Amino acid sequence: MSTPRRPARGRARRTAQRTPWRPRTSRARAARPKPPIRQAVRIPDAVADHYARLLDDSGIWPLIDAELGVRPGPAGLPIRAALTCLLLLIHYTGKAVLGDAWKIAAFSLSPATRRHLGLDPADVDAGDPHACLAASRCFYRAFDRLTTILDPARHDRRARLPQHQADHLATAWEDGDPGHAHKRQVLQQIVTALVLAPVRRAKGRGYLRGFAGIGIDTTAAPTLARPPRTGKGLASTEITAGWHYSAGDGPPQFGHCATLTVAARPRALTAAFPQLALGLVVDTPHKRIGANAITTLSSLADLGLPTRFAAVDRAYTDQAADHFARPARALGYQLVLDYKQDQRGLQGSAHGALLIDGTLACPLIPDRLATTTSSLDDAAVRAPDDELGALIAARQPYFLHHKQGPNAHQAIRLQCPAAGTSPSVTCPRFERLHHRQSGRPAVIDLTDARQRAAHPSAKPRILPPARDQRPDEQPKICRQQTITLHPDDLGHLDKFRQDLPYLTPAWAGTYRAVRANTEGINGRLKGFDLNLGEPKHRPAHGRVAQTLLIALIVTVANDDFLDAWRHTHQPDPAPEDTTTGLDDQNAADPPIPTGKPPPRT
């Protein structure tokens, strides 16, 4: 049996009751590794001038100055300096953090560059905390002036709002108020001008001569803001953010979505041109998908690029025809679409012609060919076997021929496959209705493949029903040799119509190659150097701030893509530009190039 301990007596007892024992951690703290002290690095004047001129060439300053107007009080730090420092930070680190951009403005620019950007030529005293705080506040206020004039629903973002107040403020991004619509329009114009600034340079230098078409896709742009707390009725600090669900198996992401239009080319095209982002729209996920795509396409009209094909995924196929398909065709683009499993096969009809996988065909096409893709799943479509390929090829002769159009009203003229001087099928119904005599077959050279293919015996023969309809009851496409298809003839099914027959080699060579280009740029935008999917790289709050920072990231990405393409396809070095546009007063102390090399100007 153990003897119980006696309580402490006197002074020891009082000390034990008053101060509990604590471990001594002073030596442990002293032994911890110290983080390295990061010294300010001088950014070359050529790099700073490159991005300053890129902003000037974009044409955003007239838009910003018109919104700023005449403001009372001191002018403050120029917005041009803040945006230039953000571009420099993105170029070297891939981040768009205002605090780090201020460090570049305060410690990393030469006196000549600071004078050129409208800053104080002398560096900020890093040892004076009050001077650093004042300089950083000036930098933040410069960016805040820009976001204030462009925000249709300015509010306090330091705390969560009740859900009903947040919903009321969020309507400013969607309603028809003229003031709100004007701010949204100016913000989008600034975003478009920034993204297209490197593209205009590429086009001016002739790098887009081989441009063939575009691809459109949406990608997630998550934010640091927490999602709404529905149980407590609290909204998120990002009132217009939402959940972005991708087509993959990954979890949803809370934030905004970015609609990107990408320069792409099919496999058959050999001409090389840089793969650049041609348009950007930042919006709430899964809202206005088709309208945002049309916004990016409309801005390309001023560039003078040819309007050829536009390949999109199933999210755009599901959009109403008036939201995407018809406006895209009105801009001159040929659509290349994909379908879900329940959308394949026979989709509808117009003037008696059957809409089969987006292409109008003869109403007497064999059922087996019309329903070839009706029961196919996605795996069979992505990797078609030989049997499916043969059935897809057997459809070709039954498709209506494109004869003319589209006209000013977007109407096209289609011809019966048995009509014309080069019919692809033979049809007894057509010969009977239009009194065409088969005549005596001409003598052909059997060694000539072209003559063999043109002979009527080598073409599929349509088999009308045994008890055919009366001439006045037959479809319009059979009673006439051609039909005019107006945009409203197919109704809501017009969203399924496309210009390349589905799953044919021409469709596969275009759609799959363009989708690979589109996903490739999405991957490069979310790669190691630039990561659009990392919200910590864009910690600023608010829809306007997020939109501008994403636009700046895409602008730097376009500039980097163009520079990499030039190094690959132009081995001869370009002549160096000795004039930087700056008043170089520190030629005796040249800047130390660090990080990425300066872009070639």
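## Asn522 in helix α20

Asn522 sits in helix α20, which spans residues 505-525. The model is a predicted one.

Is Asn522 buried or exposed? Its relative accessible area is 9%. Asn522 is therefore buried, since the cut-off is under 20%. Leaving aside residues up to four places away in sequence, Asn522 touches Asp217, Thr219 and Leu260.

## Helix α10 against helix α21

Helix α10 covers residues 178-204. Its packing angle with α21 is about 5°, and the two axes lie 9 Å apart. Angles under 35 degrees count as roughly parallel, so α10 is roughly parallel to α21.

Which α10 residues meet α21? They are Leu187, Ile190, Val191, Leu194, Val195, Pro198, Val199 and Ala202. Their partners in α21 are Val544, Thr547, Leu548, Ala551, Leu552, Val554, Thr555, Asn558, Asp559 and Leu562. By class, this contact of α10 with α21 holds 14 nonpolar, 3 polar and 1 charged residues.

## Helix α3 against helix α21

Helix α3 runs over residues 45-58, and helix α21 over residues 543-569. The two pack at an angle of about 115°, with axes 12 Å apart. The crossing of α3 and α21 is right-handed.

On the α3 side, the contact uses His50, Tyr51 and Leu54. On the α21 side, it uses Thr555, Val556, Asp559 and Asp560. The residues of this contact of α3 with α21 split into 3 nonpolar, 2 polar and 2 charged.

## Residues in both contacts

Thr555 and Asp559 of α21 meet α3.

Note on methods: Residues numbered from 1 in each chain as written. Predicted model: local features only at pLDDT ≥ 70, side-chain atom pairs only at ≥ 80, totals over all residues. Heavy atoms only, no water. Axes fitted to C-alpha atoms, helices over the stretch in contact; angles between N-to-C directions. Helix = DSSP H or I, 4+ residues; strand = E, 2+ residues; numbered from the N terminus. Left-handed = near helix turned anticlockwise from the far one by under 90°. Contact = heavy atoms within 4.5 Å. Nonpolar A, V, L, I, M, F, W, Y, C, P; charged D, E, K, R; others polar. Buried < 20%, exposed > 50% of the residue type's maximum accessible area, 1.4 Å probe, protein only. Parallel < 35°, antiparallel > 145°, perpendicular 65-115°, else oblique.
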